[in-house]
Amino acid sequence: MIPFLDMKAVYAELKPELDAAFARVMASGWYVLGQEVEAFEAEYAAFCGTRHCVGLGNGLEALELVLRAWDLGAGDEVIVPSNTYIATWLAVTATGARVVPVEPTTTGVNIDPERLAAAITSRTRAIMPVHLYGEPADMDAIMAIAHKHGLKVVEDVAQAQGAKVRGRRAGSLGDAGAHSFFPTKNFGAFGDAGAVTTDDARLADRLRALRNYGSKVKYVNIERGFNSRLDELQAALLRVKLPRLDAWNDHRRRIAARYDDKLVGIPGLALPRAPQWAEPVWHLYVVRSERRAELMAALDKAGIGSLIHYPIPPHLQRAYADLGLSKGAFPLAEKLADTVLSLPMGAHMPETVVDQVAAVIRATLS
């Protein structure tokens, strides 16, 4: 059996250090917003290349609280990708703002800057690009557009911790970066966790209040806040993993390169192609095929895991039926949803597994 993702391997690699971090937190008697969170925030900000990091409960709340800290709400518009996981949209609509979906480029999976520029109206307040599958969006172009129109930009970095655009880390490229540390991510906790990175001291200060019931001083609430705090245990465990992240991402790049080599030339199979200016971290290796169902069945028969990210675009989800966006509204996102297939990928996956996966795919499609 070849699992889509081996979730046990990281604990096997780091067991002594993770166990020691667990014991340290348990013995401390302090479990929320303490020294471990403060240390992690400093270390992760340094990793991303930002002045500030604010630990939060999860990635969705990281996106939402940034928008709330910018006072976005009813009557405002936020540009989002049509091709993304629904969390991106949920963060916007939770504030009362309106999502304005924009299609990806014709050759990739990330939001198209040219289409983005055309979608700006007098009500547009912010742009929320997603670095999907670990491939950075074209942040230089997006930031140029944002500056021209006076818009805020929050990066959705959930799948791209460590990715770079022209040498700069994702999470440092916009006005803020929202991070998810869900266990399946390249840099995952052992439960829900998230953070925001930014150079904006005022934004970071407000986020620290918003995450803690709108309070900076105990029992003194300066605004209506939330309960979204990175806990001490997850922070301690993430601190153990952070020094390994670059090496793990390098391994993912080797896996992706081997997939490129072994899958090239297979009829009807489109391979991912990152732009030259991007340094992806391959959270997922996603191919496209009109014969996806047949391909998934063959992989499953061979004991190889595969998944679809994502089978239904947000505009066709029942959750957004009230927007009246019927099938055909965003054909590029819909086409991707009908053809994408994620192959096994992970920082601890043996490179030779690629050969087995590729053999099944070639035999099925050739």
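Guide: Helices (H or I, at least four residues) and strands (E, at least two) are DSSP runs, numbered from the N terminus. This is a predicted model, in which local features need pLDDT of at least 70 and side-chain atom pairs count only at pLDDT 80 or more, while totals for chains, interfaces and linings use all residues. Residues are numbered from 1 along each chain as its sequence is written, and side-chain values use heavy atoms, with hydrogens and water left out.

Visitor: What makes Glu64 and Arg68 a salt bridge?

Guide: The term requires a side-chain nitrogen of Lys or Arg within 4 Å of a carboxyl oxygen of Asp or Glu. The closest N and O atoms of Glu64 and Arg68 are 2.7 Å apart, so the pair qualifies. Both residues lie in helix H3, 4 residues apart, about one turn of the helix.

Visitor: Why is Glu64 called buried, and Arg68 partly exposed?

Guide: Buried means under 20% relative accessible area, exposed over 50%, and partly exposed in between (1.4 Å probe, protein chains only). Glu64 has 12%, so it is buried. Arg68 has 24%, so it counts as partly exposed.

Visitor: How do you know that Arg51 and Asp199 form a salt bridge?

Guide: Their side chains meet at 3.9 Å, N to O, so the pair falls within the cut-off. Arg51 sits in the loop between helix H2 (35-48) and E1, and Asp199 in the loop between E9 and H7, 148 residues apart. Arg51, at 62%, is exposed, whereas Asp199, at 37%, is partly exposed.

Visitor: Which residue forms a salt bridge with Glu351?

Guide: Arg258 does, with the closest N and O atoms 3.9 Å apart. Glu351 lies in the loop between strand E14 (340-343) and helix H12 (353-365), and Arg258 in helix H9 (residues 245-263), 93 residues apart. Glu351 is partly exposed at 27%, and Arg258 is partly exposed at 24%.

Visitor: How many salt bridges does the structure hold?

Guide: There are 25. Arg24, Glu36, Glu43 and Arg239 are linked in a network of them.

Visitor: What makes E4 and E5 paired strands?

Guide: Two strands pair if DSSP finds at least two bridges between them. Strand E4 (residues 124-127) and strand E5 (residues 152-156) are joined by 2 bridges, so they pair, and they run parallel. Ile127 stands opposite Val153 in E5.

Visitor: Why do E1 and E3 count as edges of the sheet?

Guide: The open sheet has 7 strands in the order E1-E9-E8-E5-E4-E2-E3, with mixed pairing. Strand E1 (52-56) and strand E3 (98-102) each have a single partner strand, so one side of each is left without a neighbour in the sheet.
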